[in-house]
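Subject: Structure handover

Hello,

Here is the structure for your files. My notes on it follow below.

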Amino acid sequence: MTKVSDIFQIIDAAAPFSSCESFDNVGVLIGDPEREVSRCLVTLDVTQDTVQEAVEKNCELIISHHPIIFHPLRQIPFHSVQGQLLQKEITVLSAHTNFDKAPEGLNRALGRLLGMELTPLPNDSCAGIAELSPTDFETLLEKVAHTLLLQGVRYYDAGKTVKKVMICCGGGGSCIHEAIDMGADCLISGDFKHDQVIDAMNAGVSCIDAGHYETERHFVPLCCNWLSEEVPSVCFLPSETMRPGFTFRTFEWKE
């Protein structure tokens, strides 16, 4: 019978948990590594809906990209997500930045979705660089929006042809200085803070904020397909309740 620890070791061999960023929290975060597993729910985030879905689908394990415990917890009420998982005896294994930066991990998969082959940065960053045939920014923006099925997109157009792109799935706005240093014409990521965009503007680097959820939701099919081949004894199920936190609404104002 397959155990959680067996799945942990398979993920660890391809995306070592020890390679995660210093701020991160990965691995078996709730439950028992020795728990036997026949059904596993795979999701980006663990929410109240995710827990209920796992219960209804008789899953002993949830694999999530974003850690179920990220900031220190001072208490665990029974009604909290963590409390429900403990009561239902569902184990959670989270693979975050170690999976982002793996050679065949999430960031490279995002690049391939966009038709780009990324070269990892030499400093073990989650980001990667791709060389493009000269492309105008509007064409690149439309390609990203169409490929990721975006409802809307925030962007900064530096007004120059794009020949080198840096990509960092999820919250990669902090990579803007790496993008500047590497001579990138554009940074594509899922979260940008105001000061990061200002730095990009001052350096003449375009930015495409394609959404945190939208740049990482392919974690689920990527993980399900891979682990189904590696561990055929376990049924890996993509979450059907997974959804972005934000929705977009447009307005038309008349003065």
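Two strands are taken to pair if DSSP finds at least two bridges between them; strands (E, at least two residues) and helices (H or I, at least four) are DSSP runs, numbered from the N terminus. This is a predicted model, in which local features need pLDDT of at least 70 and side-chain atom pairs count only at pLDDT 80 or more, while totals for chains, interfaces and linings use all residues. Residues are numbered from 1 along each chain as its sequence is written, and side-chain values use heavy atoms, with hydrogens and water left out.

Strand pairing: β5 (residues 119–120) runs antiparallel to β6 (residues 128–135), joined by 2 bridges. In one of these pairings, proline 120 has glycine 128 of β6 as its bridge partner. β6 also pairs with β8 (residues 162–168), in the antiparallel sense and over 5 bridges. There, threonine 135 is partnered by valine 162 of β8.

Overall: the protein chain has 10 helices and 11 strands. Its C-alpha atoms fill a box of roughly 55 × 50 × 35 Å along the principal axes.

Buried residues (under 20% relative accessible area, 1.4 Å probe, protein chains only) make up 49% of the 255. Of the contacts (heavy atoms within 4.5 Å) between residues at least 6 apart in sequence, 67% join residues at least 24 apart.

Regards

Technical notes:
Buried means under 20% relative accessible area, exposed over 50%, partly exposed in between (1.4 Å probe, protein chains only).
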